[in-house]
Structures are given as structure tokens and as C-alpha cells.
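Hello,

Please find the structure below. My notes on what was found follow.

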Amino acid sequence: MESTTPRGSNVSQPPKARKREHGQIIILFVLVLVVIMGAAALVIDVGVLRNANQNLWNALDAGALAGASQLPADASNASAIALQYAADNYPGGLPPGVTVGYRCVIGSSGGAPRLSDVPAVCDPGAGAVWTCSATICTAVCIPAKGDTCNTIVLESAATVPYNFGPAVGVETGTTQTVLSAACKGPCGAKPSEPVDLVMVVDRTSSMNGVDTTNARNAADSVRKAYNPAEQWIGLAMLGPSKASPSCITKPDTTIGTAAYPADLDRWVPVGLTGAGSPNEQSYSSSTSALAQAISCYTNSSTGTDLSDPITAAAYELIQHGRAGVPKGILLMSDGQPNNSTTSGPNYCAQSDAAATAAKSSGIEIFTIGFGLDGSNNINCPDTAAPWSGRKATSLLASMATQSSLDDNGCPGTENDDLDHFFCLPKSAGASTKLSELFKQAANALVGGTKLIQLP
């Protein structure tokens, strides 16, 4: 029987079969759409998470650097500043749960802590547990317990809402835990920030043999701690020097004059020295001019003149120091001024005026009263105000940068406040402690902050 279908016609599928195919396509589309949305969540939201992680790193780094600038003197303020700077640098404000901690970071010697850095650099207290790498060692430091800390540590993680993740049931993601540490000062290495420093060391007759040895060791500790590639050091004497073939710091028997540069070498026998300086390239060697001058100087028979060495040191820094480099004077004295190249008796007023002039030219001044504790009652010889009858420690406090007319007691709490005046009685252990104060002042002048990787 012949077919009734026209020749050449295609045989059509039943309508129900075509509807079944349409249903399969919808199912496949939904499945592919889920995969696409998942891929979008993976690509876009993972990118969001990585961006948030980087933002958190940047914010904590900024906070740590800002906080470290307040160390070691003001840990409480360091914490507040660190959190504020971190919040300002994280979009939308810091996530909750940011922790702030402190460390003492010193040098590593053969994988062991270089304890000669303690407490001049920082002090984590008795029983500290050190963790070391090849270059630094670190210990937990707690300011509330009286520890002196040079490093602040911020740690946090952030929870980030996803944009596409909710489509596949993932609402948020959490960044990795970010830890940022910033240190102030040498931080285990020789200082890296350039500074020009002149040390003014007392060698008057009131400094006995042990005192002079202690002062010599303290000055030499700064020479060893500083880096001649970055820091320049000069040495001024109190009282004046007279060069000889054996020792350029041989004491002169006369007070000298205030004529510069003609008489500058009498007050500053070793001018600024360091890499690129006019005097020599390095002072690291024990045979360098600076090391030899420190080791060979002896006591002077002249009186205590504080004004002329400060003026001479300031002249050396301004005339021979580097442009744009921080400049400082570190003055150590064991008595009140009682002499100068100009007439007296208002020697304290002269000394304070010399320090004021140096500070007004941008020079930071650090002063150390050695043996000027309150029991000695050493007063200014001035007959006129404002220094008549005032203590020598008050003068040194006023001469220092961030000064005040009243010191906080010696030993007392004076060495823990924010000014640049320090004091130390002449007692057992003075050699080590005086070196620590010299290095503390020298490190404060360097004062740079840097991000570090904790071991």
C-alpha cells in the first residue's frame, strides 16, 4: 500500500518529544549558570578578599610605624597612635579585635642575644625569653611592668562580605592573620639613619681616675655602636686641648679663646669623622683618630666651662656637618660651670644661652649629669636671676632639648621621662650604666623607625 506522505517531505517528530528536549535545555542552562556564578564568586570575591588582605597589611604597617615613633618613652601613647593611624588607613575603619603588643629587639651574635644591647637599646626585664634569627633577637616586652620596649606589634584579621558568594551560600570570607612589627633605633644592627654628633666629655679635675675611665668607655661605646658609613662623630673636650705628637687631646693649661676657626681644635680636637667627612673615612678601627683621642686623653686642671664647648661643637656641626642631616650634641659633666672665656660669675646663664643658641639652629642637645645627684646640692655660682642658687641638674635639664627648669630627681625617674636630660650617681656599676646612657642618647638622636620581620 502506498504511503500517503508526500514524496520529499521530512518526517516530523511528535510534539511531546520536542517539549522534552526544551526541558533538558533549561536544566542544562540552570546548571551552567550555577557554575558561572560559582566561578564569578571564586574570581571576584577571592579578589575582594586579597584586596582586603593587602589593605589590612598597609593599615597595620602604617599604624606600627607611627606607634614606634613614640618608643621607648611613651608606650601608652604609642598604642593609641598606632591604632588611630591603622584605622585611618583601612577603608571603613579597622575591624574589631586588633591586638597591640611590644617587643625588645636587639642584635644576634651567633644565634644568641647580644645582651650588651640591654638596657641601652631596650630592656624586657628579668627572665626574658629570647627568640633569635641570624641577625636579631626578640623578647616579649610589657611596658606596664616597667619594661623598656623598642618595637610595637599589631595583629589582626578582617572579615569581608562577598558580592557573589551569597548566590552559592557563602556570605563572607576572612583574610589571613596579618602581623606588622615596627622598631625604633638600631633594632639589632648598627644605626642606619645618618646623623652628625659631637660628644662633649668632661675631663676636669673633679673627674677622678675611675670617673675618667668610665667616661672614656662611655664615649668609646658610641664609637663602636655607630656606623661610620652613616653617622659622623666629633669629639669635644671640657676643658680645652693642646695637640701633641702623642695625643691630640692633651689638656691645655689655659682656658683658650672663643675664636673660630682659629681655636676650634682646642675645644673640638677631633672634628666630624665618618665616610665622606673631611677628616677620615672610618672610625671603626681602634687605630682611628677618634679611637686614639678617646683612649689617650687625660684630666685638665682648668675649671668647668660648659658654654664654650657647646658653642664650639655647634660651630663644628654647622660649618662641617652635612646638609639636611640631623645634628646633635651629647654633653656629659660632673659639676656646675665655674669658668669660661668671658667674665663671670654668671656661668650658668652663659651655658644656658649657648645651648639655646645651638638648639635654635636645629641642633638636638642631650645632657648627662654624672655624679650630680640631689645629695650633692651642687648649685650654680650665678649672682643674678634666673640661675642664682639653682641646682646644676636644673641647668643641664634646661640646656637639653625638650627641656624644663626642674629635673625629676637623680636617679629618681629622670631617665624615664621624655626630655633629653639624664643623670647618674657615681656609684658601683657606673661604668656600665654611663655607657648605657651614652648609647641611649646616641640611639635617640638616630631615632628612625622601620618595619621588621620578627624571627
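Is Tyr315 buried, partly exposed or exposed? Tyr315 has a relative accessibility of 22%, so the residue counts as partly exposed. The cut-offs are under 20% relative accessible area for buried and over 50% for exposed, with partly exposed in between, using a 1.4 Å probe and protein chains only.

Some notes on the source come before the rest. This is a predicted model, in which local features need pLDDT of at least 70 and side-chain atom pairs count only at pLDDT 80 or more, while totals for chains, interfaces and linings use all residues. Residues are numbered from 1 along each chain as its sequence is written, and side-chain values use heavy atoms, with hydrogens and water left out.

**Overall**

The chain has 10 helices and 15 strands; these are DSSP runs numbered from the N terminus, helices being H or I with at least four residues and strands E with at least two. Of the 455 residues, 47% are buried. Contact here means heavy atoms within 4.5 Å. Among contacts with a separation of 6 or more, 73% are between residues 24 or more positions apart. The accessible surface of the chain is about 20,800 Å², and carbon and sulfur atoms hold 56% of that; the areas come from the Shrake-Rupley method with a 1.4 Å probe, and for residues only the protein chains shown count as cover.

**Aromatic rings**

The whole structure contains 1 aromatic pair. To count, rings of Phe, Tyr and Trp (its six-membered ring) must have centres within 6.5 Å; planes under 30 degrees apart are stacked, over 60 edge-to-face, and the rest tilted. The pair is Tyr260 with Tyr315, and it is tilted because the planes meet at 35°, with the ring centres 5.4 Å apart. The two residues are 55 apart in the chain: Tyr260 is in the loop between β10 (232-238) and α4 (264-267), and Tyr315 is in helix α6 (residues 307-320).

Arg322 has its charged end over the ring of Trp232, 4.2 Å from the centre. Lys426 does likewise over Phe370, at 5.5 Å.

**The cores and helix α8**

A nonpolar core is a set of buried Ala, Val, Leu, Ile, Met, Phe, Trp, Tyr and Cys residues joined through side-chain atoms within 4.5 Å. The largest has 35 residues, of which Ile329, Leu331 and Met399 touch the most other members. A second, separate core has 34 residues, including Met199, Ala215, Ala293 and Leu434.

Helix α8 is largely enclosed by the rest of the structure, because 8 of its 8 residues are buried. Among them are Ala392, Leu395 and Met399. The cover over these buried residues includes α6, β12 (327-333), α7, β13 and β14 (421-424). Beyond four places in sequence, the contacts of Met399 include Leu306, Ile310, Leu331, Ala355 and Ile365.

**Single residues**

Gln350 is in helix α7 (residues 347-360). The side chain of Gln350 makes a polar contact of 3.0 Å with that of Thr342. A polar contact is a pair of N or O atoms within 3.5 Å; within protein, one must be able to donate a hydrogen and the other to accept it, and residues adjacent in sequence count only if both atoms are side-chain atoms.

Cys187 sits in the loop between β8 (178-184) and β9 (196-202). Its phi is near 55°, a positive value in a residue other than glycine. Cys187 counts as buried because its relative accessibility is 6%.

Asn443, in helix α10 (residues 430-446), is buried at 12% relative accessible area. Asn443 touches residues including Ala120 and Pro186.

Gln453 is in the segment after β15 (449-452) and is exposed, at 69%. Gln453 and Ala182 are 271 residues apart in sequence, with their C-alpha atoms 8.6 Å apart in space.

Regards

Note on methods:
Lys NZ or Arg CZ within 6 Å of the ring centre and 35° of its normal.
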